[in-house]
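Dear colleague,

Please find the structure handed over below.

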Amino acid sequence: MIIQQVAIYGVLGLTYLGLALGYIPGLRMNRSTIALVGSAFLIALGALSLQEAWLAIDVKTIVFLLSMMVVNANLFYAGFFVRSLSIILSLTRTPLGLLIALTFGSGILSAFFLNDTLALIFTPLTLSLTQTLGLNPIPYLLAIAAATNIGSVATLSGNPQNILIGSFSGISYLDFAQALAPVAVAGLFIQVALLWLLYPDVRSTQPCEMLVRGKERIFRPLFNKTLVITIGLLIAFAIGLPLAESALIAASLLLITRRLKPQRVLSKLDGNLLLMFSGLFILTRVIQNLDLLQPFTNVVSIPAGLIGITAILSNLISNVPTVLLLEPLIPRDNTQLWLLLAASSTLAGNLTLFGAVANLIVVEATAELGYRLTFWEHLRFGVPLTVCTLSILYLWVR
């Protein structure tokens, strides 16, 4: 019995260490496989049964996330995101105006569509744009990474951790947006101010040379159909219809098509993320059964304590595992704490380069195109941004 308990604690410890690092030294494993393998070993050790593990997975969250991936894939192939960026950039031709347009454009879009998707699509487009205009790409890439995080705070569909919290708390889409959208908007203004202070080149209000944009590929029938269904989905969210069911219906309607091969849509679905979520649900149930988080109950019940511990854990083990770990400690009817958990787990992702997936997406895409965004370059921007936005959150959600 003692050996079994030691083994269970050992597997949990190693699994969360792997989740924090993002890999296991000497092995080719990512966070998804680490979460799955850790869950499998815990089932084998008797920490919970296979049936209990299956029931631990929150179906609403998985369905909502999968459905939003289908919606985003259709928007991508229809040319919606390229068109959106083109409209944003048509508003200005100055370095400062470009910074403001990219910040608020990507921030607003990430409030309605998954932030990682926006980071993945906007990064190469931003690099191409800055190369064409002869601008230093680093401040604009930092703007994309941070704005997609900050903007996603505003709604339940903005990022995976908000989707989780919507499922757990029962907060309506509009109530959530009403509470946190002002924090997101303030954060975007602060981001622009910090980049203006740190990078003198972006302060220029002189127009750049003629803005050259690549040819847009808009597939009009697919674009119109996808846009109508997406608007209908957002209306369903706004009037309070069930999130997962609404997203599933929208995704199903989009999959009924003569124009887009299903393989192309399915190739855009992030199976790694769904797999990681499933594993994390199982890991969290084991931790609940072992009552390991009980000592943190008093700390989490205090707003400042919840923000602090969430910010630390989000940068150690990432924001989604943090939300799943802290979820059992928050009463279902305490809207204030749910909102603080949602926003702080997202805003803390801007602290370091490894704090959010959107940051890593930008770094990897930048490296592939021959540029280097270093840890310290991000840190000197990320620390003041995170401190300021978390302070606003604390003062606003009280």
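The model is predicted: local features need pLDDT of at least 70, side-chain atom pairs count only at pLDDT 80 or more, and totals for chains, interfaces and linings use all residues. Residues are numbered from 1 along each chain as its sequence is written, and side-chain values use heavy atoms, with hydrogens and water left out.

**Nonpolar core**

A nonpolar core is here a set of buried Ala, Val, Leu, Ile, Met, Phe, Trp, Tyr and Cys residues joined through side-chain atoms within 4.5 Å. Buried means under 20% relative accessible area, exposed over 50%, and partly exposed in between (1.4 Å probe, protein chains only). The largest such core comprises 134 residues, and Leu180 and Leu393 have the most contacts inside it. Setting aside neighbours within four places in sequence, Leu393 is in contact (heavy atoms within 4.5 Å) with Leu180, Val183, Ile307, Leu340, Ala343, Ser344 and Leu347.

**Aromatic pairs**

Rings of Phe, Tyr and Trp (its six-membered ring) pair if their centres lie within 6.5 Å; planes under 30 degrees apart count as stacked, over 60 as edge-to-face and the rest as tilted. By this rule the count comes to 10 aromatic pairs. The pair of Phe80 and Phe223 is tilted, because the ring centres are 6.5 Å apart and the planes stand at 35°. This pair links distant parts of the chain, with Phe80 in helix α5 (residues 80–89) and Phe223 in helix α11 (residues 220–238), 143 residues apart. Helices (H or I, at least four residues) and strands (E, at least two) are DSSP runs, numbered from the N terminus. Phe80 counts as buried at 13% relative accessibility, and Phe223 counts as buried at 9%.

Phe104 and Phe189 form an edge-to-face pair, 5.0 Å centre to centre with 65° between the planes. Phe104 lies in helix α6 (residues 95–112) and Phe189 in helix α10 (residues 173–198), so the pair ties together parts that are 85 residues apart in sequence. Phe189 is exposed, with a relative accessible area of 54%. One aromatic cluster is formed by Phe80, Phe81, Phe113 and Phe223.

**Charged side chains**

A salt bridge is a side-chain nitrogen of Lys or Arg within 4 Å of a carboxyl oxygen of Asp or Glu, and the structure holds two. In one, Glu327 meets Arg332, with the closest N and O atoms 2.7 Å apart; Glu327 is buried at 7% relative accessible area, whereas Arg332 is partly exposed at 45%. In the other, Glu377 meets Arg380 at 3.9 Å, N to O. Glu377 and Arg380 both lie in helix α20 (residues 375–396), three residues apart, about one turn of the helix.

Arg380 also has its charged end over the ring of Tyr199, 5.0 Å from the ring centre. A charge sits over a ring if NZ of Lys or CZ of Arg is within 6 Å of the ring centre and within 35 degrees of the ring normal. The charged end of Arg203 likewise sits over the ring of Trp196, 4.5 Å from its centre.

Asp58, in the loop between α3 (50–56) and α4 (59–78), is buried yet has no salt bridge. Not counting residues up to four places away in sequence, Asp58 touches Ser167, Phe168 and Phe281.

Yours sincerely

Definitions and conventions:
Lys and Arg count as positive and Asp and Glu as negative; His and the chain ends are not counted.
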